[in-house]
Amino acid sequence: MAKRVADLLVDVLVEAGVQRIYGVSGDSLNGITDSIRTRRDIQWVHVRHEEVAAFAAGAEAHLTGKLAVCAGSCGPGNMHLINGLYDCHRSRVPVLAIAAQIPSPEIGSGYFQETHPTHLFAECSHYCELASQPSQMPRVLEIAMQTAISKRGVSVVAIPGDVALRDAVHETPRVHFTEAKPTVCPSEEELNILADLLNRSERVTILGGAGCAGAHDELVELAGKLQAPVVHAMRGKEFIEYDNPFDVGMTGLLGFSSGYYAMMNCDLLLMIGTDFPYQQFFPHDATIVQIDVRGEQLGRRSKLDFGFIGDTKTTLRALLPKLKQNAYESHLKRSVAHYQDARKGLDDFAMGGESNKKLIHPQYVASVLNRLASQDAVFTCDVGTPTVWAARYLRMNGKRRIIGSFTHGSMANALPQAIGAQASYPGRQVISMSGDGGLSMLLGDLLTLRQHELPVKIVVFKNESLAFVELEMKAAGILDFSTDLRNPDFTKIAEGAGLLGLRAETSDQVEPMLARALNYDGPALIEIPVSRQELSMPPTITYEQAKGFGLFMLKAVLNGRGDEIVDLAKVNLVR
Ligand SMILES: Cc1cc2nc3c(=O)[nH]c(=O)nc-3n(C[C@H](O)[C@H](O)[C@H](O)COP(=O)(O)OP(=O)(O)OC[C@H]3O[C@@H](n4cnc5c(N)ncnc54)[C@H](O)[C@@H]3O)c2cc1C
Ligand SMILES: Cc1ncc(C[n+]2csc(CCOP(=O)(O)OP(=O)(O)O)c2C)c(N)n1
Ligand SMILES: [Mg+2]
């Protein structure tokens, strides 16, 4: 039988190392799914909602660093991909979406299910094209893949079902080369300027982010030479905080006060591979220097005095021999001591509490989970308070990974991302830290865990509310409204879906139940009723008193401590 366009499309994906496509089938995808049906070297991961397919592909790409693929049928099928694709695109993970299109002769007639993917996906992709005739395959697909890989982000190929079923014009893939991995380094002259700046500064603080991946040793060596505390942004957590004596925690609303202070009290802030978005947390008077592999990132988040284009590893390697040992230690010592203090403060919240079922602290759940999880576990965390608990209580070690919807900030990400993580690493422990709101938003894909025998462990932080939003309402001084959840018994739903369903009723059950869930040979859901207002305003501070401090108030609220607000207010007033 002659090769069809769909067969060629699948050939190209397989040749590039793609092992699976996440999606929901449909008439317009028939050519592609039929081609996959006959092959052993690529799998169709049949999810229940296309948004899940996109999130799952994003998680795979995040973990493997390689291109991952999702697909949706024409019209509504591929529209469902959009939110997940925004997440992938904004997290800069290489994902290809195949958006099937209505029959080509009907395009432009307002036909059944007609949409225009090239418009719809334009904003969440680097490349988005319609393959309207067989001769465009494989070139359009290869350009899409190459763009997703090299620019890191999403590419979309829209292809009408009838085009996919036609005979291929070309026989084989055109592009055969392994992924290019160039090194990028500032010029010698620029490195000298950078070295000179750093050699002249006593109080340097480093703010590192996800762009420090793969450069842990260089970063720690740099911090040692500069006697610089290292603050991290959320997406840098997995690459920076472990085996790092200079670590002073995260900054931002969910961060540690030590991260905030280390940034505010430096005379030079060195940003490396970070797009930390919150302007309010940057110092005003310090010199700010930024290194990023993407020139367009320089100066995006704060005023900038010096910007350098380079990848972290290459740049730091070239820079290190030019640096003198900083003899001034006090800034580092103070920052590290502050971190230990802040860490202890947060750990105090992670106590079991009384054996009263209303008093399970979510912090305790997260810290037990951290203790019991395997050394190479993959954690996913829902947007909402699970992100807070993950940021603060999960300890990374260089092997563990953490995935969230950190840039796009979409709810319901954790279960879909866990599906992608587990599908790509079947033998690894994958734990979804789910909110009760987040889990229910894409609840249908609980069924995927049995369908594909994915032994994901779901920990539901059941606070009967959209707690994070409730908190934001409180912090804004408005009465919380529309945040209640009348929840089902998730364990029964889990059991109905073929999962092990467990509940920890009291604090003392948390550890044994989590252990049971984690050791279970198959998918499991454990629901834990956790207290709802864990991060409430301290009673001694009124909204009126705190009003002038806006952001700082919110930080204090999130911190759950009354003393913090006073401290931060002082810092704010002194400036
Ligand atoms: C509810 C919620 C609350 C949040 N609160 C916080 C918070 O309090 N604190 C916080 O930090 N985050 C928080 N986040 C996450 C936040 O929105 C950002 O996603 C995060 O701070 C960005 O982390 P990053 O800078 O490490 O990663 P990215 O945003 O991914 O930035 C990475 C940067 O590194 C560059 N880069 C990539 N590779 C290289 C390389 N090889 N060499 C050099 N540069 C490279 C990229 O160009 C990019 O500029 C929150 C998210 C949610 C959902
Ligand atoms: C798709 C989407 N809808 C709404 C929001 C706004 N939002 C952010 S967090 C949150 C609450 C999440 O609730 P839940 O999953 O129960 O977590 P909790 O904060 O209660 O632990 C909401 C509604 C969002 N970020 N994404
Ligand atoms: Mg909730």
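Predicted model: local features only at pLDDT ≥ 70, side-chain atom pairs only at ≥ 80, totals over all residues.
**Conventions.** I kept in mind that local features need pLDDT of at least 70 and that side-chain atom pairs count only at pLDDT 80 or more, whereas totals for chains, interfaces and linings use all residues. Residues are numbered from 1 along each chain as its sequence is written, chains are lettered from A and ligands numbered from 1 in the order in which they are written, and side-chain values use heavy atoms, with hydrogens and water left out.

**Helices α1 and α7.** I took helices as DSSP runs (H or I, at least four residues), numbered from the N terminus. I looked up α1 (residues 5-15) and α7 (residues 139-151), whose axes come within 10 Å and cross at roughly 30 degrees; axes here are lines fitted to C-alpha atoms over the stretch in contact, and angles run from 0 to 180 degrees between N-to-C directions. The angle makes α1 roughly parallel to α7, a term that covers angles under 35 degrees. I noted the crossing of α1 and α7 as right-handed (the near helix is turned clockwise from the far one by less than a right angle). In this contact (heavy atoms within 4.5 Å), L9, V12 and L13 of α1 meet L141, E142 and M145 of α7. The residues of the contact of α1 with α7 comprise 5 nonpolar, no polar and 1 charged, where Ala, Val, Leu, Ile, Met, Phe, Trp, Tyr, Cys and Pro count as nonpolar, Asp, Glu, Lys and Arg as charged, and the others, Gly among them, as polar.

**Helices α9 and α13.** I then turned to α9 (residues 188-199) and α13 (residues 312-319), which pack at an angle of about 70 degrees with their axes 10 Å apart. The two are therefore roughly perpendicular to each other (65 to 115 degrees), and the crossing of α9 and α13 is right-handed.

**Ligand 1.** Around ligand 1 I found 32 residues, of which R235, T251, T274, D292 and R294 come nearest; a residue counts if one of its heavy atoms lies within 4 Å. For polar contacts (pairs of N or O atoms within 3.5 Å), I noted a polar side-chain atom of T274 at 2.7 Å from an oxygen atom of ligand 1, and a polar backbone atom of L253 at 3.0 Å from an oxygen atom of ligand 1.

**Ligand 2.** Ligand 2 has 17 residues around it, with T385, D436, G437, G438 and A467 nearest. I noted a backbone N or O atom of G437 at 2.8 Å from an oxygen atom of ligand 2.

Notes:
Parallel < 35°, antiparallel > 145°, perpendicular 65-115°, else oblique. Polar contact = N/O pair within 3.5 Å; in protein donor to acceptor, adjacent residues only side chain to side chain.
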